[in-house]
Amino acid sequence: MDTCCKKLPTCGTSFSCPSGYAEYHSHFHATSLSVEECCRPTCASYTCHHGYLERASEFSDTDVSLETCCRREPACGTDFTCPGGYAAYHSHFMAAVLNVEECCQPTCLTYECPHGYLGRPDEMALTTVSLETCCRKEPACGTSFTCPEGYALYHSHFRALHLTQEECCRPTCETYTCHHGYVENHLAYSDTDVSLETCCRREPACGTDFECPAKYAPYHSHYLALHLTQEECCRPTCATYTCHHGYVERHSEFRDTMVTLETCCKKEPTCGTSFDCPSGYNQVHSHFRAEVLSLEECCEATCLTLSCPHGYLERPSKFSSTTVRVETCCRKEPACGTDFTCPDGYMAIHSHFMAKVLNVQECCEPTCDTFTCPTGTSRKPGNFDCDAGLSNFEAGWSEPKKDWCCAMKGKGCAGLTFSPGVDTCCQKEPTCVDFECPQGQVVDPCRASSTHRTVENCCRPTCLTYTCPQGYHHNSMGDYDCNAGLSNFRFGWSESKKAWCCAHEGKGCPECGSM
């Protein structure tokens, strides 16, 4: 409607109020254009009385009165706040010089009590500021606190003001509990150097007062045992163990206290216990007890040691076989051209005929049957039977059939590779861009690429189809040539020409998504 019609003049659109006046919002649509009809006065037209100043922030207020347009001049009692530790001078309430000296007086909060004195919290608001009114003598550890039993007074904290056990007292040996294997040292009970060394003394124990005999080691778990005997303090080591026939001593384990055949002894070396066959060889079980430790004596080769010749692959199931021959260890290898069939929609890659990795990616390439045409396109037409005459396609098929069957089915390609794409597999579908809209409507540029060719989808109305309401008439003031400069309308046309041509002829409209 804005582009097709224009409104009649009113106060709100066609009249400007003079300085000191504001618009009557309730008269916005009045058609009698005058100051009395369209405007009302603001604070800018009001003169404040003596003792008052203008409120500059309220100059646009239309509630014109002394209270809304003016404010009193500042004074101590109304416009100055005393800082912390100060109280207001009531006798200076109306003073016009606004500072601490003129408006405020100090309280006890500004007074610093000397050493040995504490502030009186209940007198902090007093304005008679002196040592006697603001302070009191303070208690101290040495005169006002008694340490509990087992603690002694901190002489260096005699004058401390925080009367607590932590501040005034320190522990003595009476508060210390000696660890297992220690007993109390009563001679140090009043000592305040509280530690294991000063407050306790050791009891006699295995670890400090008993020495194990040869071939025995101390029990670490019995280190603090009080019964000082070999049975209580010591345990045997491998040095006390005699190895069986066929075993020799493990000298590196002689201090081991896990005294068993396995921990103290080792078998004499043989093929089966002391020789590891290399990769690709198995142990000869019949030579298990042989004492000549060599590859020839202890081991025999398996298929893992044989390299299969060209055209053959290893037989994993025969890897442990000791009959080492090509027939037993190897098998002929499969290839794309003989052992793999490409699925529907794919054709064989002739250059990969002998490839050994048998899968679609290695042996085949896609045809148009696997390609999805994008929006606005469809599959190229052509209903050929690509199996009929395939054995003689080079001489028997027409060129259109060869092209279509190669592209769509991967057949009749004559050894050529093919890559499916939009150009080879698809054709464009008709869109709204050339749709013929009925009189008074134009093609909607935002639907130009749509393939749903109907009036409702492709077209949009112009002002020629719009009926203006009562009080409005068609805006024919434009009468622009909407074909002139159309290719550069974004930068070459004025905004009014863009609006008129879009509304009347559907040309020069904003980009889709911003309309």
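Visitor: What is the handedness of the disulfide of Cys108 and Cys134?
Guide: This is a predicted model. The torsion about the S-S bond of Cys108 and Cys134 is about -75°. The disulfide is therefore left-handed.

Visitor: How many residues apart in sequence are the parts that Cys108 and Cys134 tie together?
Guide: Cys108 sits in the loop between β6 (104-106) and β7 (117-119). Cys134 belongs to helix α6 (residues 131-134). The pair therefore ties together parts whose separation in sequence is 26 residues.

Visitor: Is Cys134 buried or exposed?
Guide: The cut-off for buried is under 20% relative accessible area. Cys134 has a relative accessible area of 2%. So Cys134 is buried.

Visitor: What is the S to S distance in the disulfide that joins Cys108 to Cys134?
Guide: A disulfide needs two cysteine sulfur atoms within 2.5 Å. Cys108 and Cys134 meet that with an S to S distance of 1.8 Å.

Visitor: How many disulfides does a search of the whole structure find?
Guide: The bond of Cys108 and Cys134 is one of them. Cys238 and Cys264 form another, with sulfur atoms 1.9 Å apart. Over the whole structure, the search gives 22 disulfides.

Visitor: Which helix holds Cys264?
Guide: Cys238 lies in the loop between β14 (234-236) and β15 (247-249). Its disulfide with Cys264 is left-handed, because the S-S torsion is about -75°. Both cysteines are buried. Cys264 lies in helix α12 (residues 261-264).

Visitor: How many residues apart are Cys373 and Cys426?
Guide: A disulfide joins these two, S to S 2.0 Å. The link is left-handed, with -95° about the S-S bond. Cys373 is in the loop between β22 (364-366) and β23 (377-379), and Cys426 is in strand β24 (residues 426-428). The pair links distant parts of the chain, 53 residues apart.

Visitor: Which side chains meet in a salt bridge?
Guide: Side chains of opposite charge can pair when their charged atoms come close. The cut-off is 4 Å from nitrogen to carboxyl oxygen. The count comes to one salt bridge. At 3.5 Å, N to O, the partners are Lys498 and Glu495.

Visitor: Which helix do Lys498 and Glu495 both lie in?
Guide: The two are three residues apart, about one turn of the helix. That helix is α23 (residues 495-505).

Visitor: Is Glu495 buried or exposed?
Guide: Lys498, with a relative accessible area of 15%, is buried. The cut-off for exposed is over 50%. Glu495 stands at 59% relative accessibility, so Glu495 counts as exposed.

Note on methods:
Residues numbered from 1 in each chain as written. Predicted model: local features only at pLDDT ≥ 70, side-chain atom pairs only at ≥ 80, totals over all residues. Heavy atoms only, no water. Helix = DSSP H or I, 4+ residues; strand = E, 2+ residues; numbered from the N terminus. Buried < 20%, exposed > 50% of the residue type's maximum accessible area, 1.4 Å probe, protein only.
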